[in-house]
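Colleague: Could you walk me through this model and tell me what stands behind the words you use for it?

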Amino acid sequence: QTLQSLINQELNVRIIDVNSKNRKIIVSERAATQVGAKELVKKYEVGQLIDGIVTGVADFGVFIRFLEEPALEGMIHISELSHRLIDNVKEFIKIDEPIKAKIVEIKDGKVFLSLKALQPNPWEKAEENFQVGQTVSGAVYTFNPFGAIINLPHDLQGQVHVTEFGGLEEMKKELAIGQTGQFTVEDIKPTD
């Protein structure tokens with residue numbers, strides 16, 4: 001079906017092999033785009049903001065096509081999506097979603113982007129918003145081998161260590177994803 005739509009369409013391609021004996025020329029549209037992308041990247045610099053469209057979502061991040069240069073694509077690593085832990089990228093961002101991002105690195109013709117860099121860092125005010133010993137309401141976001149991640153007010157997350165329950169299985173008997181509960185702040189470490 002996709003190949004059918006390319007009939008009679010003009011494409012930019014790069015010749016990657018010529019076999020005169022078999023009368024074949026092998027071309028690649030991707031190779032032509034990659035060469036072009038390396039040139040297009042030269043127009044951009046670290047710190048610049050771009051407008052784009054989400055073209056792909058993977059477990060490790062998101063691919064963004066530049067609106068200004070549709071032949072150019074950048075990537076936002078999962079760690080650059082938010083100041084919060086993101087467990088499932090597909091729940092956070094959708095394909096074809098318009099997006100504004102900041103260029104944080106350009107390396108070997110590849111552009112690395114960030115959404116997090118455009119957001120205020122909630123950890124800068126963590127010690128103003130919470131005190132050790134304070135009881136706070138939060139919802140269980142996810143589990144990891146060390147405990148449960150809890151969504152808290154002020155766009156922050158905390159962790160309840162697995163040892164509070166005696167083990168992972170015991171913790172999962174008492175807590176469920178999405179469950180809201182009361183938690184006591186034992187420590188605040190914004191740099192961690």
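This is a predicted model: local features need pLDDT of at least 70, side-chain atom pairs count only at pLDDT 80 or more; totals for chains, interfaces and linings use all residues.

Modeller: Happy to. Let's begin with His-154, which counts as partly exposed at 44% relative accessibility.

Colleague: Where does His-154 lie?

Modeller: His-154 is in the loop between strand 9 and strand 10. Helices (H or I, at least four residues) and strands (E, at least two) are DSSP runs, numbered from the N terminus. The two strands form a hairpin with 3 residues between them. The phi of His-154 is near 65 degrees, a positive value in a residue other than glycine. Asp-155, in that loop too, has a positive phi near 60 degrees.

Colleague: How do you know that strand 9 and strand 10 pair?

Modeller: Two strands pair if DSSP finds at least two bridges between them. Strand 9 and strand 10 have 6 bridges, so they pass, and the sense is antiparallel. In strand 10, for example, Leu-156 is the bridge partner of Leu-152. Strand 8 (residues 135–144) is joined to strand 9 (residues 147–152) by 5 bridges, again antiparallel, with Thr-142 partnered by Ile-149 in strand 9.

Colleague: What makes strand 10 and strand 11 the edge strands?

Modeller: The open sheet has 4 strands in the order 10-9-8-11, with antiparallel pairing. Strand 10 (156–161) and strand 11 each pair on one side only. From one strand to the next, the twist averages 50 degrees; such angles run from 0 to 180 degrees between N-to-C directions, with axes being lines fitted to C-alpha atoms (for helices, over the stretch in contact).

Colleague: Which residues does Gly-181 touch?

Modeller: Gly-181, found in strand 11 (residues 180–184), touches Val-136, Ser-137 and Gly-138, leaving aside residues up to four places away in sequence. Contact here means heavy atoms within 4.5 Å.

Colleague: Why is the pair Arg-84 and Asp-155 called a salt bridge?

Modeller: The term asks for a side-chain nitrogen of Lys or Arg within 4 Å of a carboxyl oxygen of Asp or Glu. Arg-84 and Asp-155 meet at 3.2 Å, N to O, so they qualify. This pair links distant parts of the chain, 71 residues apart, with Arg-84 in the loop between strand 5 and helix 2 (89–92). The structure holds 4 salt bridges, including Asp-187 with Lys-189 at 3.7 Å and Glu-69 with Lys-43 at 2.4 Å.

Colleague: What does the pair of Glu-69 and Lys-43 tie together?

Modeller: Glu-69 lies in the loop between strand 4 and strand 5 (73–77) and Lys-43 in the loop between helix 1 (29–41) and strand 3, so the pair ties together parts that are 26 residues apart in sequence. Glu-69, at 13%, is buried, whereas Lys-43, at 54%, is exposed.

Colleague: Why is strand 3 described as largely enclosed?

Modeller: Of its 10 residues (49–58), 7 are buried, so strand 3 is largely enclosed by the rest of the structure. Strand 3 and strand 4 form a hairpin with 2 residues between them.

Colleague: Is Ile-15 buried or exposed?

Modeller: Exposed: its relative accessible area is 53%, so Ile-15 passes the cut-off for that label. Ile-15 lies in strand 1 and belongs to a nonpolar surface patch of about 590 Å², together with Leu-6, Leu-11, Val-13, Val-18, Ile-25 and Val-27. Strand 1 (14–19) and strand 2 (24–28) each give two or more residues to the patch. Patches are made of residues with over 30% relative accessible area and no salt bridge; like charges are joined within 9 Å, and nonpolar side chains (Val, Leu, Ile, Met, Phe, Trp, Tyr) within 5 Å.

Conventions. Residues are numbered from 1 along each chain as its sequence is written. Side-chain values use heavy atoms; hydrogens and water are left out. Accessible areas come from the Shrake-Rupley method with a 1.4 Å probe; for residues, only the protein chains shown count as cover. Buried means under 20% relative accessible area, exposed over 50%, partly exposed in between (1.4 Å probe, protein chains only).
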